[in-house]
Amino acid sequence: VFRLEQEEYRSEGIEWTSIDYLDNRACLDLIARKPSGLMQLLDDECRLASATDTTLFEKFNKEHRNHSNYYVPQVKLKDPVFGIHHYAGSVVYHVQGFREKNSDLVRPDVVAVLKGTVMTFLR
């Protein structure tokens, strides 16, 4: 965001004081870039009936083990965990339940209301 704003200021000839910032692009790409970002891999695993939290963790590791912002803590835990070095520090994520949380369905009462509507574009 800072880079884009500063480029816009420059192109429009607006005077400002340049802001030094840490470029977080590599971390954002790790999380969201298609086709291999963590979110895309999670979505892909949610479509597979045979997928498990373990297979998701294995895909994360296979795809990102050499990424500078991705790591697997050396501490052995019962459930698989991975970490991301964010701009504000490192955060460890427990993989257990990722797939289930990502597959949340629309509540049945909401589906019933949408099915019962007279507005065809909502059915």
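**Group meeting: a walk through one predicted model**

Is Glu 58 buried, partly exposed or exposed? Glu 58 has 48% relative accessibility, so it counts as partly exposed. Now look back along the chain to Gly 13. Gly 13 and Glu 58 are 45 residues apart in sequence. Their C-alpha atoms are separated by 49 Å.

Next, a loop. Find helix 2 (25–32) and helix 3 (38–46); Pro 35 lies in the loop between them.

On to the strands. Strand 2 takes residues 81–86, and strand 3 takes residues 89–94. How do they run, parallel or antiparallel? They run antiparallel, and six bridges join them. A hairpin of two residues links strand 2 to strand 3.

Last stop, the surface. There is a nonpolar patch of about 670 Å². Which residues make it? Val 106, Val 110, Leu 114, Val 118, Met 119, Phe 121 and Leu 122. Let's pick out Leu 122. Leu 122 is in the segment that follows helix 6 (108–116). Its relative accessibility is 36%, so Leu 122 also counts as partly exposed.

Note on methods
Residues are numbered from 1 along each chain as its sequence is written. This is a predicted model: local features need pLDDT of at least 70, side-chain atom pairs count only at pLDDT 80 or more; totals for chains, interfaces and linings use all residues. Side-chain values use heavy atoms; hydrogens and water are left out. Patches are made of residues with over 30% relative accessible area and no salt bridge: like charges are joined within 9 Å, nonpolar side chains (Val, Leu, Ile, Met, Phe, Trp, Tyr) within 5 Å. Accessible areas come from the Shrake-Rupley method with a 1.4 Å probe; for residues, only the protein chains shown count as cover. A salt bridge is a side-chain nitrogen of Lys or Arg within 4 Å of a carboxyl oxygen of Asp or Glu. Helices (H or I, at least four residues) and strands (E, at least two) are DSSP runs, numbered from the N terminus. Buried means under 20% relative accessible area, exposed over 50%, partly exposed in between (1.4 Å probe, protein chains only). Two strands pair if DSSP finds at least two bridges between them.
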